[in-house]
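Please look through the structure below with the sequence beside it. The paragraphs that follow take it part by part.

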Amino acid sequence: MNKHSLMATLASGVLATTLAGCGSKPVTSAPQHVTISLLTLWPPPLVSQFDKAVTRYEKLHPQVTVQVQAVPFGELLSTITTDALSPNAPTIYNIYDLWLPQLAQDHVVAPAPSSYAQDVRAYWAPSLAKAVQVGGKIYGYPNEVDDYALDYNKALFQQAHISHPPHNWVQLQADAKKLTKVNSAGQMVQQGFSVITGWNSGVVHPWMSLMQSDGGQLLDSKTHMPNLTSSAARQTLNLYHSLIFEDKATNPALDSANASTTGPYLNNFAAGRTGMIIMANWWESDLQSAMGNEFHNVGVAPIPVGPHGTVPRSVYYAWLFTVNGHATNAQQRAAWQFLRWINSPASGQGGSSFMGRMLTEAGDMPSRTGDIRANARLLDTPFMTPYVQELSHAMPFPLVLGGAQLTTDLQKQIEAMEYGTQTIAQTMSRAQQQATSLLKQYYH
C-alpha cells in the first residue's frame, strides 16, 4: 500500500476525522502572570526539545511561564498521587490512559472545558477521543498512541528458508519451530518465538493482541466483566502452552523485560537469538541502538490471526495531557490554552503540531489524525508504517477502574501457566475469579 492509499484508508477507518482548519483557536494570554508546570516521563533529550517550544510559547505569551519536570516511568503515578494536593504540584500531567479512570474519580484531574473537549472530538479519531474520556467527559489531549505488531528477524527467516512472516497461528507455530536451534547438549541457542515475562503490560498486551486476533475480548464492553473463560482465551493460552512445552520453541526464562530497560527479551532478539517477538512501536529506538547496522533485518508484520479470527486486532493504548484539578483557576486556564497550542498546527509546521513532530522524530506515534498525515516518516518507513496501518483494526485496552491491578493479576496467572506451575484450565478459572472479584468492587 502506498502512502496515498494509506492516507485514504486512515481517512475512512478508525483514525478518520474531518479536519477543518488548523485545529486551534486564537489563544489569549492569561489576565495576570501565571506559572504552570508539566510533569512527564520523557528522557532529557525530549525535555530539551520540548523546552524549545516552551520558549516560543512564552515569547508569544509573556504573562505565562511554563516549567517542565520529568521522572522515570516507575515513579510517575506515585508522584502524581502523592503531590496532587500540594500547592507546588504540577499543573499538567502526562499520563498513561489506564490511570485516568481512578485519577478522574479522585478528582486529581479536571474535565476539559467545552471548547477544548470539542478540539479533541474534532481532530482526533473517535476511538482515541474515548481514550481520554470518563463518564462521557473528556479529560485531556491525547498525544502518543502505541500498538503491537509481530517483529521478526529477516536474516534468520532467510536462513530457515521461510519466505514470509506468518499470517495465522498455524504458520506462527511452524515458523517458530523452524527458527529454533539447540546445541549438542540440548540447550536452546536460538528461540523461535519470544514472550515477555516480569512486566505486567508486557505480558498481557501481546497475549491480548493474539486473543483479540482470534475474535476474543478481555472484558464485556457493557458489563465490564471479564471474558477469561472464553474460547479465544483458552485458544491463546493453548498456543502459548504448545510453543513452550510441545514445540519447545519458546523459553520464558529468556524473556524478562520491564518498562524502563529492554532486558533479555529485546536483547536476545537484537542479538539474533530470537526469531519473532510481539512488541510495541515505541521500542524502535531501543532496537536501533542495540542492533546498529543490523536494524535493517527487522521486519514488521500484523499480529497472526487465530483460528476463529478474521483480521489482526492489536491492543493499543494512549498517553494524554491532563490538568490538575486542584490547580488555581488561573493555572487551569493557562494550562488548557498551552495544551491547545502545543497540540495544534499553530505550534508546528507543515500541518503537524509540535507534539506530532517531536513524537515522530523520537520514534513514537502521535495520535492526532493530522499529525499522522503530516509526518511522512509514519507513512513510508518499513518499521513504523505497519504499526500505523494496524491501528485501523486495533482495539484499546479497556479503560476501567482497577485496570492496573487487573493487568498485574492477569500477568501472574499467565506466567504461572508459562512456567508450568498451573494448567490452562486452572489459569482460566483463577484469572476469571480474580478479575471478577476485582471489577465487582467498581461495577455492579
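Helix α9 passes helix α10 in a right-handed crossing. In this predicted model, α9 covers residues 200-212 and α10 covers residues 231-246. Their axes come within 9 Å and cross at roughly 120°. Because of that angle, α9 counts as oblique to α10. An angle has to be over 145 degrees to count as roughly antiparallel, and 65 to 115 degrees counts as roughly perpendicular, so an angle between these ranges is called oblique.

Another helix to find is α17, residues 403-418.

Most residues other than glycine have a negative phi. Histidine 107 has a positive phi, near 60°. This histidine 107 sits in the loop between α4 (100-105) and β4 (109-110). Is histidine 107 buried or exposed? Its relative accessibility is 55%, and the cut-off for exposed is over 50%, so histidine 107 counts as exposed. Histidine 161 is not a glycine either, and its phi is positive at about 60°. Look for histidine 161 in the loop between α7 (154-159) and α8 (169-179). With 72% relative accessibility, histidine 161 counts as exposed.

Next, turn to the strands, starting with β3, residues 92-96. This strand is mostly covered, as five of its five residues are buried. Ile92, Asn94 and Tyr96 point one way from β3, while Tyr93 and Ile95 point the other way. Which strands pair with β3? One is β1, residues 34-40, which pairs with β3 in the parallel sense over two bridges. In that pairing, leucine 39 stands opposite tyrosine 93. The other is β12, residues 315-324, which runs antiparallel to β3 and is joined to β3 by five bridges.

The aromatic rings give another way to read the model. A pair of aromatic rings is described by the distance of the centres and the angle of the planes. The structure holds 24 aromatic pairs. One of them joins tryptophan 42 and phenylalanine 50, with 4.9 Å from centre to centre and 55° between the planes, and this pair is tilted. Both tryptophan 42 and phenylalanine 50 are buried. Tyrosine 141 and tryptophan 336 form another pair, with ring centres 6.4 Å apart and planes at 45°, so this pair is also tilted. Tyrosine 141 belongs to strand β7 (residues 141-153) and tryptophan 336 to helix α13 (residues 329-342), so their pair ties together parts that are 195 residues apart in sequence. Tyrosine 141 has a relative accessible area of 1% and is buried. Tryptophan 336, at 2% relative accessibility, counts as buried as well. Tryptophan 42 and phenylalanine 50 also belong to one aromatic cluster, together with Tyr57, Phe321, Phe338, Trp341 and Phe354.

Finally, consider helix α15, residues 369-374. Threonine 369 is found in this helix and is buried, with a relative accessible area of 2%. How far is threonine 369 from alanine 125 in sequence and in space? The two are 244 residues apart in sequence and 6.7 Å apart in space, C-alpha to C-alpha. Arginine 373 is also found in α15. Its relative accessible area is 25%, so arginine 373 counts as partly exposed. Arginine 373 and glutamine 349 are 24 residues apart in sequence, and their C-alpha atoms are 12 Å apart in space.

Methods:
Residues are numbered from 1 along each chain as its sequence is written. This is a predicted model: local features need pLDDT of at least 70, side-chain atom pairs count only at pLDDT 80 or more; totals for chains, interfaces and linings use all residues. Side-chain values use heavy atoms; hydrogens and water are left out. Buried means under 20% relative accessible area, exposed over 50%, partly exposed in between (1.4 Å probe, protein chains only). Helices (H or I, at least four residues) and strands (E, at least two) are DSSP runs, numbered from the N terminus. Two strands pair if DSSP finds at least two bridges between them. Rings of Phe, Tyr and Trp (its six-membered ring) pair if their centres lie within 6.5 Å; planes under 30 degrees apart count as stacked, over 60 as edge-to-face and the rest as tilted. The expected span of a helix is 1.5 Å times one less than its number of residues. Axes are lines fitted to C-alpha atoms, for helices over the stretch in contact, and angles run from 0 to 180 degrees between N-to-C directions. Angles under 35 degrees count as roughly parallel, over 145 as roughly antiparallel, 65 to 115 as roughly perpendicular and the rest as oblique. A crossing is left-handed if the near helix is turned anticlockwise from the far one by less than a right angle, and right-handed if clockwise.
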